[in-house]
Amino acid sequence: MGLKPGDLILRLRKGGRPAAGYLFLGAEPFYRGRCHQALRKAALGTAPEESAVAEVNLGELPLTALVEEARTMSLFGGERLVIGRNAEGAVPKTASAAGKAERQILADYFSDPVPDTVVIVEAVAFDSRDRREKARLARVGEHFSAVPVRVELEALSLEDARYVAKVLARRVGLRIAQPVLNDFVNMLGADAFRIEHELEKLALYVGGDREVTAEDLDLLVPEARQTGVFEFSQAVADRDRARALRLLDRMSRTGIYWPMQLNLIAGLFRQALAAKELGLKGAPQIGAKFGRLGLRTWPSRSRQIEGMVARFREDELRRALVLLFETDRGLKGPQPEERLLMETAVMRLTD
């Protein structure tokens, strides 16, 4: 059966007993680490013996080594956790009798597993967002189909990352408005580890005295500033084609996840369209009206929207949103030409 990582963690926290085996499938590291912690605590308690945890590198050793380790009884008895790392390395490139025999060995073990022993098989080298790697993940899942529970560690969506950021911000005592939090998540590419790290930095800097501002993000998140996420959005908003293309070239070399950047720009265009439809003009009026609607904007954002209202007609804003949607769909398609798609979008947005 398949489980989302959050469901597994919740089940274990509610006192559910661990299964005999888990297949961790996917490259998302944040929830994988928390799944490990939850399983370790559920299987071994809070202070396990060092000998209670064993690891087998399946990139170097055959699958039989993992089964033999799982069947090995601890000198002192009790619960054990056996982790098979780099499981991708155990999958044969083509169907073979040896591969079939290994799958049968695994199936035989899980038909009669060792009591109080939990086996974790990790296949975390491939990202499900990539079509070719998704196919490889499917092959790994098929090879290890005998493992009782499959935990799907897919890359976090924007919605998932925003939820994680909101929970983590609350945990460290940060007050941060949703629009600022959304931009914060966008600029970090929905990377939950970086989100956690940067929120801890913000908590140390801001404390509990005031709300986090966009200026705080500019000051304390150097990685985002270096990639130019805000600069690029501003260049597009200014209809400054030459600057936007220069920044696009620089950002392409950083390996940025472009759908996140598009979401940031689309947010700007949506707010500019709303301001246009409401007949709002100056930044103070935009900030005040949006605040009454529950969409708090900081002064620099209101000024940015003010500039877009002046530079774009209402029909242009609508066409821009359609273009951004189409570009996002293209980026998420099979084997996208990311650079070409983004350059085309910039050219059309800055006409």
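**Note on the predicted chain: charges, helix packing and selected residues**

1. The chain carries 53 positive and 49 negative side chains, and the centres of these two sets lie 5 Å apart. The model is a predicted one, and every value in this note should be read with that in mind.

2. On overall dimensions and composition, the C-alpha atoms of the chain fill a box of roughly 75 × 50 × 30 Å when taken along the principal axes, and the chain has 17 helices and eight strands. Among the contacts with a separation of 6 or more, 74% are accounted for by residues 24 or more positions apart.

3. Two packed helices are described by the angle between their axes and the distance between the axes. For helix H13 (residues 258–278) and helix H14 (residues 283–292), the angle is about 100° and the axes are 11 Å apart. Since angles of 65 to 115 degrees count as roughly perpendicular, H13 is therefore roughly perpendicular to H14. On the H13 side the contact is made by Gln271, Ala274, Ala275 and Leu278, and on the H14 side by Ile286, Lys289 and Phe290.

4. The second pair consists of helix H16 (residues 314–331) and helix H17 (residues 338–349), which pack at an angle of about 175° with their axes 10 Å apart. An angle over 145 degrees counts as roughly antiparallel, so H16 and H17 are roughly antiparallel to each other. H16 contributes Ala320, Leu323, Leu324, Thr327, Gly330 and Leu331 to the contact, and H17 contributes Glu338, Leu341, Met342, Ala345, Arg348 and Leu349.

5. Which residues does Ala155 touch, once residues up to four places away in sequence are not counted? They are Glu28, Asp127, Ser128 and Arg129. Ala155 itself is found in the loop between strand S6 (149–152) and helix H6 (158–171), and it counts as partly exposed because its relative accessibility is 25%, a value between the 20% and 50% limits. Ala155 and Gly26 are 129 residues apart in sequence, yet their C-alpha atoms are 7.7 Å apart in space.

6. Arg34 lies in helix H2 (residues 29–44). Is this arginine, Arg34, buried or exposed? With a relative accessible area of 19%, Arg34 is buried, since the cut-off for that class is under 20%; a reader applying another cut-off may wish to keep the value of 19% in view. Not counting residues up to four places away in sequence, Arg34 touches Ile9 and Glu196.

7. Two backbone torsions can be checked together. Phi of Asp116 is near 65°, which is a positive value in a residue other than glycine, and Asp116 is found in the loop between helix H4 (97–111) and strand S5 (117–123). Asp116 counts as partly exposed, at 43% relative accessibility. Phi of Arg239 is likewise positive, near 60°, in a residue other than glycine, and Arg239 has its place in the loop between helix H11 (229–237) and helix H12 (241–252).

8. Ser145 has its place in the loop between helix H5 (131–143) and S6, and at 56% relative accessibility it counts as exposed, the limit for that class being over 50%.

9. Gln261 lies in helix H13, the helix already described as roughly perpendicular to H14. At 2% relative accessibility, Gln261 counts as buried. Gln261 and Ala70 are 191 residues apart in sequence, and the distance between them, C-alpha to C-alpha, is 46 Å.

Definitions and conventions: Residues are numbered from 1 along each chain as its sequence is written. This is a predicted model: local features need pLDDT of at least 70, side-chain atom pairs count only at pLDDT 80 or more; totals for chains, interfaces and linings use all residues. Side-chain values use heavy atoms; hydrogens and water are left out. Helices (H or I, at least four residues) and strands (E, at least two) are DSSP runs, numbered from the N terminus. Contact means heavy atoms within 4.5 Å. Lys and Arg count as positive and Asp and Glu as negative; His and the chain ends are not counted. The place of a charge is taken as NZ of Lys, CZ of Arg, CG of Asp or CD of Glu. Axes are lines fitted to C-alpha atoms, for helices over the stretch in contact, and angles run from 0 to 180 degrees between N-to-C directions. Angles under 35 degrees count as roughly parallel, over 145 as roughly antiparallel, 65 to 115 as roughly perpendicular and the rest as oblique. Buried means under 20% relative accessible area, exposed over 50%, partly exposed in between (1.4 Å probe, protein chains only).
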